[in-house]
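Trainee: I would like a close look at one residue and what lies around it. Please then carry on to the rest of the model.

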Amino acid sequence: MQLVLEFLALPFVQDVLKILFILLLFAMPLGTFMTLMERKWSAAVQDRIGPNRANIGSYRGRGLLHIAADALKSIFKEDLIPKGADKFLYTIAPFFSFMSAVAVFAIIPIAGPIGDFKFQVTDVQPGLLFIFAITSLGVYGAVLAGASSNSKFALFGGTRASAQMISYEVFLGLSLMGLFMVYGSTQVSAIVEGQGEHWFGLIPKWGVFTQPLGFVVFFTALIAETKRAPFDAPEGESEIVAGYFVEYSGMRWSSFMLAEYIAIVGVAALITTLFFGGYQVPWLYHWESAPQWLVTLLQFGKFASFTFIFCWFQIQIRWTVPKFRFDQTMALGWKKLLPVALLNTVVTAIIIVALA
Amino acid sequence: MKFKVKKVDRSEGLREALYIPGIAVGLKHTMRHFFRNIVGKKDVVTIQYPEEERPVSQRWRGRHRLTRRDDGFLKCVACYMCETVCPAKCIHIEAGEHPDFSVEKYPVRFDIDELRCVFCGLCVEACPKEAIRMDTGVIGMAYHSRESFNFTRDLLRDTYTPNEKTKYTDADLPKPLDQQSALPNSRGIPAP
Ligand code: SF4
Ligand code: SF4
């Protein structure tokens with residue numbers, strides 16, 4: 001017993017446990033769930049029913065079994081590598097996409113710290129800069145897949161993806177400058193701590209209230225990073241079939257798709273953490289005698305529910321807004337989002353200096 | 001020549017340029033549908049096909065059937081009118097004599113190849129005895145082999161339920177010449 005406790009207290013073991021918990025019990029299940037929910041919810045938007053036929057005997061579970069059916073199907077599908085493709089790059093491309101989608105969860109706190117123990121895999125000093133580094137790695141997934149497939153459509157998709165993702169990285173970083181200034185840190189835990197305060201004990205000091213413009217730009221840039229509608233020119237179903245992963249099949253294709261849906265959850269978690277107070281439950285400080293376990297549970301519940309709501313919101317956006325043409329995507333980025341992000345930075349700086 | 005041209009103003013106003021009002025209007029619509037379909041009254045128009053079927057109009061030309069007289073025997077007098085008029089040449093009739101004098105002539109064999117049929121309904125129009133009809137309302141016909149689509153006389157007859165005054169039972173009807181057994185109908189119910 002003593003040995004087990006000591007083993008569990010090792011920082012390394014704790015990190016592994018946290019990674020397992022956050023990935024296997026939160027991010028992956030939610031991501032897989034989103035693959036079905038995207039179809040179900042889009043059906044609801046369009047007055048359809050959506051998938052409901054996968055069954056075990058007569059049990060259908062309102063379409064839930066489609067998740068299992070999809071997984072089984074993609075595992076047993078033939079894994080094709082097109083003739084003339086670069087085998088090595090073709091094989092590692094899905095890993096880049098998947099890895100960059102998953103790595104976002106490394107710095108996201110899912111509940112408030114208890115003493116020294118943080119519900120966060122790692123609270124690195126550079127904080128969000130880590131996110132920018134990781135999301136730029138995601139570009140490699142698309143580019144390598146496009147370049148190695150030996151297919152024109154895939155190449156088009158890859159080039160579009162690289163251009164789009166690299167330019168939206170700029171606004172992704174710029175839109176958060178104001179946030180860094182307001183909370184005085186790039187570290188995620190500090191930003192979330194800062195959002196726990198209230199103005200006049202009433203309005204929570206969430207990022208969305210302090211940085212509304214930053215929120216809009218950041219959300220837009222993140223959607224562009226995940227390459228989903230309205231910024232799905234790299235996948236461009238109507239003109240280049242599926243873009244950079246058009247040649248993929250079987251489990252490799254599934255890992256691209258799963259990466260996309262985990263990225264949705266990641267985006268939702270980031271938005272929640274940075275702009276909606278993360279795990280901070282508003283007005284909870286009034287209840288001082290609350291037991292610690294209940295507080296932690298409430299915090300996790302708040303974080304999870306906001307994450308879920310933003311997953312839903314992204315899917316809703318996707319089924320609402322028509323696709324941008326590629327030049328429109330670029331024009332929106334460089335001509336509109338860039339000035340807005342810069343303006344936001346300057347105005348925030350002026351206000352902070354004026355208030356100080 | 002001067003054309004009347006209506007000039008459409010395509011300049012982007014602030015509202016357009018901001019995108020957000022446009023997205024908000026779109027979201028209003030999609031969310032209305034979403035919430036109505038998830039929690040409220042469903043607007044879904046999907047028909048869950050194998051379990052539910054779309055109601056068809058009374059005039060809808062579905063699978064054929066051979067009608068019966070009040071005493072239960074076939075109305076058809078094997079006059080070959082339908083076979084002659086059929087544009088797809090898919091009806092095949094062989095006439096025969098019956099010991100009952102009230103019957104005179106009857107089809108010993110009456111086959112319709114439903115794969116060739118174009119469902120024009122001309123056979124129904126041509127029939128002087130109202131012996132053939134297309135009012136069964138059967139929409140889907142799907143089988144595994146081509147032969148199954150060759151509907152025999154008994155199969156065509158048995159999609160119709162005889163009334164109580166039936167004089168002839170099915171056993172009284174002479175067997176078709178080729179002894180082909182009746183096939184299950186399109187709903188998978190085997191013919192009696
Ligand atoms: S419906 Fe037309 S094609 Fe079909 S059997 Fe009758 S006459 Fe022939
Ligand atoms: S079905 Fe009508 S038209 Fe055809 S042979 Fe019989 S009686 Fe004549």
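Which residues does Ile262(A) touch, not counting residues up to four places away in sequence?

Mentor: First, some ground rules. This is a predicted model, in which local features need pLDDT of at least 70, side-chain atom pairs count only at pLDDT 80 or more, and totals for chains, interfaces and linings use all residues. Residues are numbered from 1 along each chain as its sequence is written, chains are lettered from A and ligands numbered from 1 in the order in which they are written, and side-chain values use heavy atoms, with hydrogens and water left out.

Now your residue. Ile262(A) touches Ala27(A), Met28(A), Gly31(A), Phe98(A), Ala101(A), Val102(A) and Phe105(A), leaving aside residues up to four places away in sequence. Contact here means heavy atoms within 4.5 Å. Ile262(A) sits in helix α12 of chain A, residues 250-275. Helices (H or I, at least four residues) and strands (E, at least two) are DSSP runs, numbered from the N terminus. Ile262(A) counts as buried because its relative accessibility is 1%. Buried means under 20% relative accessible area, exposed over 50%, and partly exposed in between (1.4 Å probe, protein chains only). Leu172(A) is 90 residues from Ile262(A) in sequence and 19 Å away in space, C-alpha to C-alpha.

Stay with helix α12 for a moment. A salt bridge is a side-chain nitrogen of Lys or Arg within 4 Å of a carboxyl oxygen of Asp or Glu. Asp79(A) and Arg252(A) form one, with their closest N and O atoms 2.6 Å apart. Arg252(A) belongs to helix α12 of chain A and Asp79(A) to the loop between α3 (65-76) and α4 (87-103), so the pair ties together parts 173 residues apart in sequence. Arg252(A) is buried because its relative accessibility is 16%. Asp79(A), at 38%, is partly exposed.

Glu94(B) and Arg109(B) meet in one at 3.9 Å, N to O. Glu94(B) lies in strand β2 (residues 91-97) and Arg109(B) in strand β3 (residues 105-113), so this pair links distant parts of the chain, 15 residues apart. Arg133(B) pairs with Glu130(B), with closest N and O atoms 2.7 Å apart. In chain A, salt bridges with shared partners join Glu38(A), Arg228(A), Glu260(A) and Arg318(A) into one network. Over all chains, the count is nine salt bridges.

How do the two chains meet? In all, 21 residues of chain B are in contact with 20 residues of chain A. Together the chains bury about 1700 Å², 64% of it on carbon and sulfur atoms. Buried area is the accessible area (1.4 Å probe) that two parts lose on being put together, summed over both. Helix α2 of chain B (residues 20-38) gives the largest share of the side of chain B that touches chain A, 11 residues. That side divides into 12 nonpolar, six polar and three charged residues. Ala, Val, Leu, Ile, Met, Phe, Trp, Tyr, Cys and Pro count as nonpolar, Asp, Glu, Lys and Arg as charged, and the others, Gly among them, as polar. Between chain B and chain A there are zero salt bridges.

Last, a ligand. Around ligand 2 there are 13 residues, the closest being Cys76(B), Cys79(B), Tyr80(B), Cys82(B) and Cys127(B). To count as near, a residue needs one heavy atom within 4 Å. This shell has 13 nonpolar residues, no polar and no charged.
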